[in-house]
Amino acid sequence: MASENLNEELASERTKNFLEEIIEEDIKSGKHGGRVLTRFPPEPNGYLHIGHAKSICLNFGLAQRYGGKTNLRFDDTNPEKEDVEYVNSIKEDIRWLGFQWAGEYYASDYFEQLYEWAEVLIKKGLAYVDDQTQEEIRINRGTVNQPGKPSPWRNRSVDENLDLFRRMRAGEFGDGERVLRAKIDMAHPNMLMRDPIMYRIIHAEHHRTGSKWCIYPMYDYAHGQSDSIEKITHSICTLEFDVHRVLYEWFIEKLEIFPSRQYEFARLNLSYTVMSKRKLLELVREKIVMGWDDPRMPTICGLRRRGYTPESIRYFADKVGVAKRDNVIDLSLLEFCLREDLNKRAERRMAVLSPLRVLITNYPEGQVEELDAINNPEDDAAGTRSVPFSREIYIEQDDFMENPPKKFFRLAPGQEVRLRYAYFIRCNEVIKDEQGNIIQLNCTYDPASRGGNSPDGRKVQGTIHWVSAQHAIKADVRLFDRLFSKPDPNDVPEGVDWKSTINSDSLRVVEAYIEPSLKNVKPLDKFQFERLGYFSVDYDSTSQKLVFNRTVTLKDTWAKIAGK
RNA sequence: UGUCCUGUGGUGUAAUUGGCAACACAUCUGACUCUGGAUCAGAAGAGUCCAGGUUCGACCCCUGGCAGGACAACCA
């Protein structure tokens, strides 16, 4: 299938990004014997989102391109926030995206090694136990403009530090009573170098190590060493860790361990989308969305439920590029990538979302014809199906106008249209209720136009979709719109809740009539409903009640014209 | 006001110092079409944050500004 080639095509066509250049230079110079090993290091404290997808595609993609491998490593150094629920979802999402990790590791696997290295640092006089309170530590760290003040405990003897640190591990102290700090420079211009905390005391159950430990390493004391233990050659992270790199290197240097190197790239931002875990969690907790996998969420599981394909996301990740400057990608690029893929793979069906009854007065009562319809004009192998046609059908309300403007190519009084794969019909009579609402159209068909072509060769401008009234199945269709009304949802005046930018009309459910061939669909099946968009079967769908999610609309030129 | 990172069409991403700047999305035309879809063809849109400097020549190098972002959690 063509969409399988989406990614390879692109990667070979485009120019190299800065990371590819670095890696190629490293390979050329023989660094690490030409070996490439990357890692994807999520903290299991939330669900993965499209921003993580960029990072995943980058890390795995780079390794694949240069004959290397990628580890999955959970950065689980904070027992209070992490949970197996998250590790499972993360693994599922990575696999779904189409990647397989070489090794599955956990920072918690390295706790013993990390502990031993901490003792090494203490013995070298490079780490000390600090008894200051959290508050004191914060104040004495100084500010970006003022140097910090050394802790009164900064010059304890090696023996005392060792003793205290061992007793910390042994559980002799309560939470927050003491910490282990690296002894670097309290006046360092980089705040992170002002004797950063290496270990804190947390008497909490860890999702993997249980109650074995009551001291836990901080990110800076765990990440680089974990990379080093795994012999990661290129440790790729986002820009905000740039300032951490000097510390990353300090620990590796002082410990004299494998020199992994860190490189930073700009994280993905998407218009009309929030990406912070905190905010996504808020949307879930406050039930503004149905859950982490709500189809309006930018989470991988949300996109999956919405109907996105892994291919489209990988294609997108490739198209957004990799650089070091802050960026905001148009949501329309993501949608473009989606349509590009779905257009080639999704079978077409007919469905009517806002039905208008049409009676074909000259069609024999009781007659039913089975008409051939092409499943996918982009893919001959998809074949054809038959669609029942009868005297009473539904068409889309939008496809009829009593007083049409000049360029309206659809149905109107006296005007003729083609019913896709069926017949030409002409509207003769408009029936309204007491309120004046149009409730039915009486039309006549041209029997000679069966299949959609008329023998006299006359042209009909418009082709509309339809569904046979007596054969149609009812289904719920969830019409999603963007969750936020502003391109940058975070851009609110001070004091105003960011959630004020939420689009209150981001979900509309309609009862639709769909063609009978859709009877046995399963969750995640994807179709193009002709002229409407791409739709995917929701998890809530049952054989009694089918539920479709609108993944994305088709490009709608008419809407654009009509909007003017 | 300290350190670090970054400044190229609306949005992204390119351009061994030497062709006043390329590609994609978005936008606008037109062709074609049994999806106003897809496809195809074309247009408009930046003179590369600013100012100096080096050079025959700078998006690219140097200096100085300016702007945006990150960093002062016992989070990652």
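Me: What makes β4, β5, β6 and β7 a sheet, and in what order do they sit?
Reply: This is a predicted model, and in it the four strands form an open sheet in the order β4-β5-β6-β7, with antiparallel pairing. Two strands pair if there are at least two bridges between them. Take β6 (residues 197-201) and β7: three bridges join them, so with the cut-off at two bridges they count as a pair.

Me: Why are β4 and β7 called edge strands?
Reply: β4 (127-130) and β7 (215-217) each pair on one side only. As for the twist, the average is 20° from one strand to the next.

Me: What packs on that sheet?
Reply: Helix α7 (residues 158-170) does, and it touches β4, β5 (179-182), β6 and β7. The direction of α7 makes about 60° with that of β4. And for one bridge inside the sheet, look at R200, whose partner in β7 is Y216.

Me: Which residues of helix α2 are buried, and how do you know that they line one face?
Reply: In α2 (residues 18-28), the buried ones are L19, E20, I23 and D26. Looking down the axis of α2, you'd find these residues within an arc of 125°, so they line one face of the helix. Turned away from that buried side are the exposed residues E25 and K28.

Me: What covers the buried residues of α2?
Reply: The cover includes α3 (50-65), β8 (234-238) and β9 (261-265).

Me: How do you know that N17 caps α2?
Reply: Check the distance: a side-chain oxygen of N17 lies 2.9 Å from the backbone nitrogen of L19, at the N-terminal end of α2. The limit for a polar contact is 3.5 Å, so the pair at 2.9 Å qualifies. Just after α2 comes G30, with a positive phi of about 80°.

Me: Why are α5 and α9 called roughly perpendicular?
Reply: Helix α5 (residues 111-123) and helix α9 (residues 245-255) pack at about 80°, with axes 10 Å apart. Angles of 65 to 115 degrees count as roughly perpendicular, so α5 is roughly perpendicular to α9. Making the contact are W117, V120 and L121 of α5 and F251, K254 and L255 of α9.

Me: And Y445, why does that count as buried?
Reply: Y445, in strand β18 (residues 438-446), has 11% relative accessibility. The cut-off is under 20%, so Y445 counts as buried. Beyond its neighbours within four places in sequence, its contacts include I360, Y363 and F424. The C-alpha atom of Y445 is separated by 86 Å from that of E177, 268 residues apart along the chain.

Conventions: Residues are numbered from 1 along each chain as its sequence is written. Chains are lettered from A and ligands numbered from 1 in the order in which they are written. This is a predicted model: local features need pLDDT of at least 70, side-chain atom pairs count only at pLDDT 80 or more; totals for chains, interfaces and linings use all residues. Side-chain values use heavy atoms; hydrogens and water are left out. Helices (H or I, at least four residues) and strands (E, at least two) are DSSP runs, numbered from the N terminus. Axes are lines fitted to C-alpha atoms, for helices over the stretch in contact, and angles run from 0 to 180 degrees between N-to-C directions. Contact means heavy atoms within 4.5 Å. Buried means under 20% relative accessible area, exposed over 50%, partly exposed in between (1.4 Å probe, protein chains only). The arc is that of the directions from the helix axis to the C-beta atoms. A polar contact is a pair of N or O atoms within 3.5 Å; within protein, one must be able to donate a hydrogen and the other to accept it, and residues adjacent in sequence count only if both atoms are side-chain atoms. Angles under 35 degrees count as roughly parallel, over 145 as roughly antiparallel, 65 to 115 as roughly perpendicular and the rest as oblique.
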